[in-house]
Amino acid sequence: MQNPEVTIENVMKDTSDFTLFARSNINFSNIVKQNKNNELTFKWRFYPNDVHGTIAFPSIMHGLIFDFEWYQMEHTDKFNSPDTSKEELSAVINIRTKKLKSYFGYPVPPYPQDLLLVLGHMSLDMGQLEKSKMFFECAIKFYPKSASVYDSMADYFERNSDYKNALHFVTKAFEISGEENHSQRIKYLKVKNSKG
């Protein structure tokens, strides 16, 4: 403000040209707030310690946080806790899947492939086999063209000494990737399966 007597609380009473921009912003904000059915995602904020040259950084940062707040991952504490049940995690995944579809207008994976695989392997290492299987099934559901998701599911079955199913999933991984490591694993699992 050009006049230190003018504050955010009393600016609307001022009629000088110096406050026209501030009053216009406040008027616009009030019009938007009065018309909540306009489907506009909107938040107005005053930065008392910033001027024209310094306002860009905090306003852009806060604007991006506000615009993408809906995209933040929910319940990360549940994913990080070994005490969370498979059913509870599955419910969180389903809610996020529906939420993202609602925002984007088409289905998208609720989490990156690598996160689902890490959670699956982490659960596998902790001996939480059904939880591990659930994460790998989600990875296959959302990333069906990835060799890694089938290879990871093979890890689950191999850990359970189910070499037949492990072989099935590694074969699927090899069909997608054609990689030598999958070919070698197929040979290894065929031997294990024949002894099984």
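User: At what angle do the axes of helix α7 and helix α8 cross?

Analyst: This is a predicted model: local features need pLDDT of at least 70, side-chain atom pairs count only at pLDDT 80 or more, and totals for chains, interfaces and linings use all residues. Residues are numbered from 1 along each chain as its sequence is written, and side-chain values use heavy atoms, with hydrogens and water left out. Helices are DSSP runs (H or I, at least four residues), numbered from the N terminus. Axes are lines fitted to C-alpha atoms over the stretch in contact, with angles from 0 to 180 degrees between N-to-C directions; for α7 (residues 147-159) and α8 (residues 163-177) the axes come within 8 Å and cross at roughly 165 degrees.

User: Are α7 and α8 roughly parallel or roughly antiparallel, and why?

Analyst: Angles under 35 degrees count as roughly parallel, over 145 as roughly antiparallel, 65 to 115 as roughly perpendicular and the rest as oblique. The axes of α7 and α8 cross at roughly 165 degrees. The two helices are therefore roughly antiparallel.

User: Which residues of α8 make the contact with α7?

Analyst: Contact means heavy atoms within 4.5 Å. On the α7 side, the contact uses A147, Y150, D151, M153, A154, F157 and E158. On the α8 side, the residues are Y163, N165, A166, F169, V170, K172, A173, I176 and S177.

User: How many residues in the contact of α7 with α8 are nonpolar?

Analyst: Ala, Val, Leu, Ile, Met, Phe, Trp, Tyr, Cys and Pro count as nonpolar, Asp, Glu, Lys and Arg as charged, and the others, Gly among them, as polar. The contact has 2 polar and 3 charged residues. Its nonpolar residues number 11.

User: Are α7 and α9 roughly parallel or roughly antiparallel?

Analyst: Helix α9 covers residues 180-195. Its axis lies 12 Å from that of α7, at an angle of about 25 degrees. α7 and α9 are therefore roughly parallel.

User: Which residues of α9 meet α7?

Analyst: From α7 come A147, D151, A154, D155 and E158. By class, this contact divides into 4 nonpolar, 1 polar and 4 charged residues. The α9 residues are H182, R185, Y188 and L189.

User: How far apart are the C-alpha atoms of Y143 and P109?

Analyst: Y143 sits in the loop between α6 (129-142) and α7. Leaving out residues up to four places away in sequence, Y143 touches P109, Y111, P112, Q113, L116 and V149. Y143 and P109 are 34 residues apart along the chain, and their C-alpha atoms are separated by 7.8 Å.

User: What volume does the largest pocket have?

Analyst: On a 1 Å grid over the protein atoms alone, a cavity is a set of points where a 1.4 Å probe fits but cannot get out; a pocket is an open set with protein on both sides within 12 Å along at least five of seven lines, and lining residues have an atom within 4 Å of a point. Grid points are joined across faces, edges and corners, and a volume is the space filled by probe spheres set on the points. For the largest pocket, the volume is about 1100 Å³.

User: Which helix gives the largest share of the lining of the largest pocket?

Analyst: The lining has 27 residues, and the closest to the centre are N25, R45, F46, Y47 and I55. α1 (20-34) and α2 (56-67) each supply at least two residues. The largest share, 6 residues, comes from α2.

User: Which helix gives the most to the lining of the largest cavity?

Analyst: About 50 Å³ of space lies in this cavity. α3 (76-80), α5 (113-125) and α6 each supply at least two lining residues. With 3 residues, the helix giving the most is α5.
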